[in-house]
Amino acid sequence: MMQPTPLDAWIAEQTHGGGPLDPEKLREYQLHTLNETLAWAMENSPYHRGRLGRLPKSGLSDLGELADLPIMDESILRTRPEYVLCISQGDVARVVTLRTTGSTGEPKRLYFTAEDIAHTVDFFAVGMTQQIRSGDTAMVFMPGATPHSVGDLLRESLTRLQAECISYGFMDDPARVAEKILLHEARVLIGLPGQLLTLARAQAEALRGNISSVLLSGEHAPQWLARDIASRLDCEVFIHYGLTETGLGGGVECCAHHGMHLREADLLVEIVDPGSKQPLPAGEQGEIVLTTLRRRGMPLIRYATGDKGMLLDRDCPCGSRVARLLPLGERRGDTVPVQDSHFSLNHVDEAVFRVDRISACNAELRYGASPSEAATLRLSLATKSAGNEATHQLAAEVREAMAASPVLGPLIHSHALDVDIAWTTGAECLAAGPKRSLVIQNNQESL
Ligand SMILES: [Zn+2]
């Protein structure tokens with residue numbers, strides 16, 4: 001029998017005083033806190049006042065009316081974040097500056113109060129009870145030195161569960177990481193999906209049987225990647241969805257591993273049609289739009305994330321009634337055009353990691369000197385298989401997997417995309433940086 005997510009009891013307690021979670025009462029709570037948020041934002045933020053000005057004094061009478069409010073574009077967080085801020089600078093506990101890969105111009109800025117951050121720690125602590133027991137040791141592969149960073153908040157929540165939390169920082173060398181895990185007898189690992197995949201593939205023999213569970217966070221984690229880690233390390237793998245905009249924590253998988261249960265006391269999630277911005281029903285794919293419910297520092301109201309996803313129905317196989325979000329890993333602006341097609345690093349990973357013995361992959365795309373010339377995808381791959389003959393064979397397998405990809409295959413067959421393979425080590429791949437992206441070298445612009 002499956003255990004329902006611990007979020008049910010927690011959300012029920014916060015929204016209607018406990019008992020089994022009642023979706024009707026949850027909606028009442030959400031409408032009430034949404035109206036409080038709208039009033040707070042109108043009173044304290046010139047930006048929200050300007051765009052919500054026509055709102056009735058009594059607020060909304062139904063959650064469905066949220067769809068009538070305008071969409072909040074991320075550009076305001078770059079150009080005038082202080083217009084969205086609802087508190088004095090003295091009450092700001094943390095400012096997060098987000099610089100997305102490859103983007104030029106101003107970074108996004110988000111501000112949080114101590115109370116905003118405390119809600120996130122609560123969520124982490126409740127979510128982690130699925131994975132950790134008192135006395136266990138967890139190792140976190142994210143920086144934890146900065147106060148209120150993800151690593152720091154995780155440490156706080158795990159300490160509350162009487163677990164030990166070791167912050168390693170981002171992974172460097174898979175062999176050294178495995179050694180530390182075994183030395184500290186850490187049975188729970190928390191980190192970026194790509195880094196944990198590299199660890200699981202490079203150090204499966206050393207770690208198998210010593211890990212009870214893994215939490216993937218910080219970047220999109222596709223289902224195939226989670227399954228791959230689970231089978232190599234023989235452990236349970238949970239995926240977490242969270243953005244700085246969701247307050248770092250957003251939603252986490254339950255033991256059914258189909259969709260992430262959302263922290264519904266703090267977040268309202270809509271899936272909207274990317275064009276009309278009108279909400280779509282559960283089961284349909286669209287853009288993830290967020291509204292924060294108890295956030296005081298910088299409330300977000302119908303904030304368009306640029307992430308693609310879908311809501312699943314409330315009846316989860318685990319028995320929970322908490323809403324489930326399935327992020328689809330496509331983000332506005334993360335695909336690159338080659339001739340009349342587009343692809344992303346996810347498509348490259350999906351093909352490359354079909355080859356069992358590949359443990360790490362970095363990719364760089366170089367466009368031809370003219371638009372008609374083929375673009376080159378340069379892959380830096382790591383494997384434990386040694387010797388020229390072994391890597392020669394592996395390169396052939398990678399090329400075969402790329403050619404079989406429904407997205408990359410047609411580009412390769414039509415000679416619009418060449419694939420170039422170089423061999424490196426797992427440590428060198430990880431040294432290229434924790435946040436993975438498809439590096440673009442544009443010959444046409446580098447004149
Ligand atoms: Zn569930």
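Is Cys318 buried or exposed? Cys318 counts as buried, at 4% relative accessibility, where buried means under 20% relative accessible area, exposed over 50%, and partly exposed in between, with a 1.4 Å probe and protein chains only. The structure is a predicted model, in which local features need pLDDT of at least 70 and side-chain atom pairs count only at pLDDT 80 or more, while totals for chains, interfaces and linings use all residues. Residues are numbered from 1 along each chain as its sequence is written, and side-chain values use heavy atoms, with hydrogens and water left out.

**Zinc site**

- The zinc ion is coordinated by Cys254 (SG), His261 (NE2), Cys316 (SG) and Cys318 (SG), at 2.1 to 2.3 Å.
- Donors are N, O and S atoms within 2.8 Å of the metal (3.2 Å for Na, K and Ca); water is not among the atoms, so sites may look incomplete.
- The site of the zinc ion is tetrahedral, with angles of 105 to 115° among its four donor atoms.
- Four donors count as tetrahedral if all angles lie between 85 and 135 degrees.
- For four tetrahedral donors, the ideal angle at a metal is 109.5 degrees.
- The sequence spacing of the donor residues is C-x6-H-x54-C-x1-C.
- Helices (H or I, at least four residues) and strands (E, at least two) are DSSP runs, numbered from the N terminus.
- Cys254 is buried, with a relative accessible area of 0%.

**Second largest pocket**

- The volume of the second largest pocket is about 490 Å³.
- A pocket is an open set of points on a 1 Å grid over the protein atoms alone, where a 1.4 Å probe fits, with protein on both sides within 12 Å along at least five of seven lines.
- Grid points are joined across faces, edges and corners, and a volume is the space filled by probe spheres set on the points.
- The lining of this pocket has 23 residues, of which Arg27, Leu268, Val269, Glu270 and Leu311 lie nearest its centre; lining residues have an atom within 4 Å of a point.
- The elements that give two or more residues to this lining are α2 (23-44), β10 (267-272) and β12 (303-312).
- With five residues, β10 gives the most to the lining.
- By class, the lining residues are 16 nonpolar, two polar and five charged.
- Ala, Val, Leu, Ile, Met, Phe, Trp, Tyr, Cys and Pro count as nonpolar, Asp, Glu, Lys and Arg as charged, and the others, Gly among them, as polar.

**Helices α1 and α2**

- In α1 (residues 7-16), the residues Leu7, Asp8, Trp10, Ile11, Ala12 and Thr15 are buried.
- The cover over the buried residues of α1 includes α2, α6 (114-128), β8 and β9.
- Gly17 follows α1 and has a positive phi, near 75°.
- Asn35 is in helix α2 and counts as buried, at 17% relative accessibility.
- Asn35 touches Ser58, Gly59 and Leu60, not counting residues up to four places away in sequence; contact means heavy atoms within 4.5 Å.

- Most residues other than glycine have a negative phi.
- Glu185, in the loop between α8 (174-184) and β5 (188-191), has a positive phi of about 50°.
- Glu185 counts as exposed, at 62% relative accessibility.
- His415, in the loop between α14 (409-413) and β18 (417-424), has a positive phi of about 60°.
- His415 is exposed, with a relative accessible area of 61%.

- Tyr111 is in strand β2 (residues 108-112) and counts as buried, at 9% relative accessibility.
- Among the residues that Tyr111 touches, not counting those up to four places away in sequence, are Pro81, Leu85, Arg94 and Met298.
- Lys435 is in the loop between α15 (426-431) and β19 (439-442) and is partly exposed, with a relative accessible area of 45%.
- Lys435 touches Leu192, Gly218 and Glu219, not counting residues up to four places away in sequence.
- Lys435 and Leu192 are 243 residues apart in sequence and 8.2 Å apart in space, C-alpha to C-alpha.

Methods
Four donors count as tetrahedral if all angles lie between 85 and 135 degrees; four count as square planar and six as octahedral if opposite donors are over 155 degrees apart and all others between 65 and 115; anything else is irregular.
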